[in-house]
Amino acid sequence: MQFHLFFAGLARDCEDVIERNVASVLSLLSYSQISRLNLFILENGSRDRTREILLRLAHQYSTIQLCLLPSMDAIYPSRVQRIAACRQHLFEIIIKKASENSSSESVIQLYIPVDLDSHIFSSLDKNLFVKA
């Protein structure tokens, strides 16, 4: 059984953890069960170097697709509303991409939301995520 993973990550003001978290996601490619991995990242209105770092990473790794938006604070004053709107936006992009790439019934496509601006994500044990 093979898996095509679609990660949807949000990133804002996270220059101190973004590279480590992206590396954690991309490290899943080392598992033989993972036939393909796409990491979709939405950044909106960072006030630090997050956007600059993401642009460099996207240039370096073809599996990363960026969606760069201006600050959405005025449209969605509530952080929870912003997160929901951003996740929905990425989900719609992923649904379109997944339908374009559905080539085999033996490949399971999974949508996985991740918080790329969290210190917690990079400390997860990937062996608990993918089992042989």
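Before you start clicking, one convention: axes are lines fitted to C-alpha atoms, for helices over the stretch in contact, and angles run from 0 to 180 degrees between N-to-C directions. The model is predicted, so local features need pLDDT of at least 70 and side-chain atom pairs count only at pLDDT 80 or more, while totals for chains, interfaces and linings use all residues. Residues are numbered from 1 along each chain as its sequence is written, and side-chain values use heavy atoms, leaving out hydrogens and water.

**Stop 1: the sheet.** Show the strands (DSSP runs of E, at least two residues; helices are runs of H or I, at least four, and both are numbered from the N terminus). Four of them make an open sheet, ordered β3-β2-β1-β4, with parallel pairing. Pairing here requires at least two DSSP bridges between two strands. β3 (64–69) and β4 (107–115) are at the edges with a single partner strand each, so one side of each has no neighbour in the sheet. On average, neighbouring strands are turned by 15 degrees against each other, direction ignored.

Now select residues 2–11 and 34–44: these are β1 and β2, joined in the parallel sense over nine bridges. Look for His4, which stands opposite Arg36 in β2.

**Stop 2: helices on the sheet.** Select 50–60, helix α2, which lies across β1, β2 and β3 and runs at about 150 degrees to β3. Contact means heavy atoms within 4.5 Å.

**Stop 3: α1 against α2.** Select 18–26 for α1; its axis and that of α2 come within 10 Å and cross at roughly 30 degrees. That makes the two helices roughly parallel, a label for angles under 35 degrees. Show Ile18, Glu19 and Val22 of α1 with Ile53, Leu54, Arg56 and Leu57 of α2, which make the contact.

**Stop 4: a salt bridge.** Finally, which side chain does Glu15 meet in a salt bridge? Select Arg49: the pair is at 3.9 Å, N to O. The cut-off is a side-chain nitrogen of Lys or Arg within 4 Å of a carboxyl oxygen of Asp or Glu. Glu15 is in the loop between β1 and α1 and Arg49 in the loop between β2 and α2, so the pair ties together parts 34 residues apart in sequence.

Terms used:
Angles under 35 degrees count as roughly parallel, over 145 as roughly antiparallel, 65 to 115 as roughly perpendicular and the rest as oblique.
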